[in-house]
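Hello,

Here is the structure I promised to pass on to you. Have a look at it first, and then read my notes below.

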Amino acid sequence: MTFPEAEVPPALQTQVAELRDEAWPPDSAAAPDTFAHDPALRPVSMLLVDGVTVLAALDILAKPIVHAGRRYQAAGLSTVVTRAAARGQGHGHRLVTAAHNAMAAMDLDIGLFTCDRPLQPFYEGAGWHQLPGAVLIGGTPAAPFPSDRPGFDKVTMADFFSSSARLHRSSFCHSRIELYPGEIDKLW
């Protein structure tokens, strides 16, 4: 099921919140300050639902970026989570693959996001590719939040959807990509 984030039915939104709290307990150091996304990033929620139970959820965030002097429409995955009791059954893979396919069908040039290094094979199995040496710069120009900051062990995943992005793919490798999604979604 796919909805603009603000239109997710309340019963499903409650379950998504429970899944996120399960994955990132509110009192843990890994918990984000908030799971609310900046509306300027046009958040879209994708849910894998079995009957009335949300098995997995993720959000797609999008914005234009400028890289190496060229403008691109970019989007990325955020808050990817699978219900703990349903892990290991392919639900997350199915949802992340569906998100990849949906993004490829959108008017996007590139999909890119960071993930914890141990999750790289999972995302590669769903159609994403590691972008060698690439660092996403989140936050804002005044308060940057780079994915290579101390204590992070992130890799940048990507796919190139438009012919222009594919043509200039090499400019993204071993580069610092100014994503700047803002203060709410410091990095996606």
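Before the notes, one term: a polar contact is a pair of N or O atoms within 3.5 Å, and within protein one of them must be able to donate a hydrogen and the other to accept it. Please also keep in mind that this is a predicted model.

Let's start with threonine 156, where that term comes in. Threonine 156 sits in strand 9, which covers residues 154-160. A polar atom of its side chain lies 3.0 Å from the backbone oxygen of alanine 134. Is threonine 156 buried or exposed? With a relative accessible area of 2%, threonine 156 is buried, since anything under 20% counts as buried. Leaving aside residues up to four places away in sequence, threonine 156 touches Phe113, Thr114, His129, Gln130, Leu131, Ala134, Val135, Leu136 and Ser147.

One of those contacts leads us to strand 5. Threonine 114 has threonine 156 in strand 9 as its bridge partner, and strands 5 and 9 pair in the antiparallel sense over seven bridges. Strand 5 (residues 110-116) is largely enclosed by the rest of the structure, because six of its seven residues are buried. Strand 5 also runs parallel to strand 4, joined to it by two bridges. Here alanine 75 stands opposite glycine 111 of strand 5. Between strand 4 and strand 5 the chain passes through helix 2 (residues 91-105), making a right-handed β-α-β crossover.

Now for helix 1, residues 10-23. Which residues of helix 1 are buried? They are Leu12, Gln15, Val16, Leu19 and Arg20. These residues cover an arc of only 140° around the axis, so they lie on the same side of helix 1. Pro10 and Ala11, on the other side of helix 1, are exposed. The cover over the buried residues includes strand 1 (2-4), strand 2 (44-50), strand 3 (53-67) and strand 4 (70-82).

Strand 3 also holds leucine 58, which is buried with a relative accessible area of 0%. Not counting residues up to four places away in sequence, leucine 58 has contacts that include Val44, Ser45, Met46, Leu77, Val80 and Leu95. Proline 150 is 92 residues from leucine 58 in sequence, and their C-alpha atoms are 26 Å apart in space.

Definitions and conventions
Residues are numbered from 1 along each chain as its sequence is written. This is a predicted model: local features need pLDDT of at least 70, side-chain atom pairs count only at pLDDT 80 or more; totals for chains, interfaces and linings use all residues. Side-chain values use heavy atoms; hydrogens and water are left out. Buried means under 20% relative accessible area, exposed over 50%, partly exposed in between (1.4 Å probe, protein chains only). Helices (H or I, at least four residues) and strands (E, at least two) are DSSP runs, numbered from the N terminus. The arc is that of the directions from the helix axis to the C-beta atoms. Contact means heavy atoms within 4.5 Å. Two strands pair if DSSP finds at least two bridges between them. A crossover is right-handed if, with the strands pointing away from the viewer, the path from the first strand over the helix to the second runs clockwise.
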